[in-house]
Structures are given as structure tokens and as C-alpha cells.
Amino acid sequence: MKKILYIDMDNVLVDFNSALNRLPNEMREKNEGHLDDVPGVFALMDPLDGAIESYHQLAGWFDTYILSTAPWDNHTAWSDKLLWVKRYLGASAYKRLILTHHKNLNHGDFLVDDRTKHGADQFAGELILFGSTRFPDWPGVVAYLHSHSIES
Ligand SMILES: [Mg+2]
């Protein structure tokens, strides 16, 4: 049986900042400090470098899910995240998107996340902190997970 892997979206699969340059100036100024509440902003984001190839590789080795949080005050973020997953990850992510503010309630072996918020710090498996010194980018994460993908 494959091990279970969860992957976060914002600043892990998704380049959050890529959308901000695409917002009109007045909208950026009006929502300064809470840009994740701008309607439609999650539809404008590019994948992070290496994220798509890494996802497909990992999906071959693990039972892989996308585990993300959508802002409570931005209802379009919930559908934008679904559309993003369909557009960029396609069939290998079919019905594998989980949106939650309680990531620790999902059981599994690994969680790749750039933050410890929304229960990531209480995840029962191993938290791989994306963007940390140990795991600065996708190649390092993929290499580490590959060496831990086989059930021992
Ligand atoms: Mg994130």
C-alpha cells in the first residue's frame, strides 16, 4: 500500500504573489494586508517553479492529496482553488482536493506545507516545511520523499 501524502497549495504548489501583479492598483491598495480576500484572486495564480512536475512524480509514489485552506471571507477562493487544481494538475488530482481549516484531522504519513497554521503543526505524520533551510524548494522535497516512499 502506498503511503499517504498531503500537499498544501499557497506558496507550495501555487505562486501566491504571481497574482498580485495582475490586480488593478486600486484593488491592491483597497485590500492591502488581506489580499487573499480579493474576489477571483486565486484564479490568477501561476504554479510555483517545479511544482507541477513534482506533483505528478509524487502522485506516482504516494497516495497524494491536496490539502489547502481557503479564506473564510472570500467565497470565490473555494471554487477558484478547485478550478486551479483541475487546470494545472488534471486527472491525477481528480477528487483529491481537501479544503479545511483543520489540517490535523487528516491522517497520513507526510504533509508538505510552508506554514504551521491551520493544524499543520499538529499533523500526526511528518511535516515537511517547504521553504525552510532543510527543504528550500521542490527538488529537495522530491528527493527526500522518494527515499521515504517505500513502506518499510
Ligand atoms: Mg501555504
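I take strands to be DSSP runs of E of at least two residues, numbered from the N terminus, and on that basis I place Glu-126 in strand β7. I note at the outset that what I am reading is a predicted model.

Entry on Glu-126. I looked up its surroundings and, leaving aside residues up to four places away in sequence, I found that Glu-126 touches Asp-109, Phe-110, Leu-111 and Tyr-144. With Tyr-144 I also find a polar contact of 2.6 Å between the two side chains. I then checked Thr-76, which lies 50 residues from Glu-126 along the chain, and the C-alpha atoms of the two are separated by 31 Å.

Entry on the metal. Which residues coordinate the magnesium ion? I find Asp-8 and Asp-114, each through OD, and Asp-10 through O, at 2.1 to 2.2 Å. Along the chain, I read the spacing of these donors as D-x1-D-x103-D. Asp-8 and Asp-114 link distant parts of the chain, being 106 residues apart: I locate Asp-8 in the loop between β1 (4-7) and β2 (14-15), and Asp-114 in the loop between β6 (110-113) and β7 (126-129).

Entry on accessibility at the site. Is Asp-8 buried or exposed? I count Asp-8 as buried because its relative accessibility is 5%, where buried means under 20%. For Asp-114 I find 22%, so this residue counts as partly exposed.

Terms used
Residues are numbered from 1 along each chain as its sequence is written. This is a predicted model: local features need pLDDT of at least 70, side-chain atom pairs count only at pLDDT 80 or more; totals for chains, interfaces and linings use all residues. Side-chain values use heavy atoms; hydrogens and water are left out. Donors are N, O and S atoms within 2.8 Å of the metal (3.2 Å for Na, K and Ca); water is not among the atoms, so sites may look incomplete. Helices (H or I, at least four residues) and strands (E, at least two) are DSSP runs, numbered from the N terminus. Buried means under 20% relative accessible area, exposed over 50%, partly exposed in between (1.4 Å probe, protein chains only). Contact means heavy atoms within 4.5 Å. A polar contact is a pair of N or O atoms within 3.5 Å; within protein, one must be able to donate a hydrogen and the other to accept it, and residues adjacent in sequence count only if both atoms are side-chain atoms.
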